[in-house]
Protein chains: 2
Amino acid sequence: MGTLRIIGIDPGLRRTGWGVIDTDGVRLGFVACGSVTSDASGSLGHRLRQLFDGLSEVLAELAPAEAAIEQTFVNRDAVATLKLGQARGIAMLVPALAGLTIAEYAPNAVKKSVVGAGHGDKTQIRAMVKCLLPRAVPDSADAADALAIAITHAHARSWTRLEARVALAGITP
Amino acid sequence: MGTLRIIGIDPGLRRTGWGVIDTDGVRLGFVACGSVTSDASGSLGHRLRQLFDGLSEVLAELAPAEAAIEQTFVNRDAVATLKLGQARGIAMLVPALAGLTIAEYAPNAVKKSVVGAGHGDKTQIRAMVKCLLPRAVPDSADAADALAIAITHAHARSWTRLEARVALAGITP
């Protein structure tokens, strides 16, 4: 197979993290990461537009082929959930407008994929991201989390392909 | 003053209502209303894109100068709030991208402005919308609600202008 470029996105109204990696199905290569922020003193419409413009620029420049986003943890207060939902709407719209498929992963799936256990804490996740992508220097926790989501998607795709190959070979698991 | 064109938006993931009116500061004129729907069987990214494309088309065609949206009632379950938040993010992004200012009104303000009391029910609101804008034939409850939000904004702007005129005349309230 060729190289697949994946963007992971960790949405937030104040700061949305993003991380882009390349994978050939086995190895992972760091491309870039960063975060798009919105001006807390601006109107909500203006802030959503800042996120939209910033993410659109990242996608136009780096041209990922697939996107991955964390399934949002909604067990918080309603006002925070609504704010996050609005930012998440933008974070999903931008890759959708670019014609990308968007995979969603539960927070535990991200932890399990990166750390190897479903209950790794945030520090462990960031240490593993650093280990898997040594060239990455995330500017924020959100950018590191976005890379973790991209890694999760790369792993999930490898497994899917492996299963397909096993099926083709006529091996019953 | 000239005529001001206002779009009211009632966001929802399945169906987002919109209503456009003209006002000269005293009279209200119906322009158009309708709703943009998303395909429930599609992916979330695809659905958000459908709302984005549909609303963008309405704004491009009718060219409102200002937008108004209901402040979302968040005292519901978290999953519903997140869904609504995602749709609401798109509903605010589209006018923001067109450079419109976006006013937000609490549900009670909409009821009070249209029905004259803060606790009018949905049926009363729709009857008053019909009375204030006889030419309007909303295709859905969401379109009628969107017209009510636009009317609320027209009323709020008239009051603001009246207060400014009173202040200019040196009258202390």
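**The cysteines**

Analyst: In Cys33(A), the sulfur sits 16 Å from the closest cysteine sulfur, that of Cys131(A), so it is too far away for a bond. For a disulfide, the two cysteine sulfur atoms have to lie within 2.5 Å. By that rule, the count over all chains is zero disulfides. Over in chain B, Cys33(B) is in no disulfide either, with the sulfur of Cys131(B), the nearest one, 16 Å away.

A word on the source: this is a predicted model, where local features need pLDDT of at least 70 and side-chain atom pairs count only at pLDDT 80 or more, while totals for chains, interfaces and linings use all residues. Residues are numbered from 1 along each chain as its sequence is written, chains are lettered from A in the order in which they are written, and side-chain values use heavy atoms, with hydrogens and water left out.

Next, accessibility. Cys33(A) counts as buried because its relative accessibility is 18%, and buried means under 20% relative accessible area (1.4 Å probe, protein chains only). Cys33(B) is buried too, at 18%.

Starting at the N terminus, their order is β-β-β-α-β-α-β-α-α-α. Among chain A contacts (heavy atoms within 4.5 Å) with a separation of 6 or more, 59% join residues 24 or more positions apart.

Terms used. Helices (H or I, at least four residues) and strands (E, at least two) are DSSP runs, numbered from the N terminus. Buried means under 20% relative accessible area, exposed over 50%, partly exposed in between (1.4 Å probe, protein chains only).
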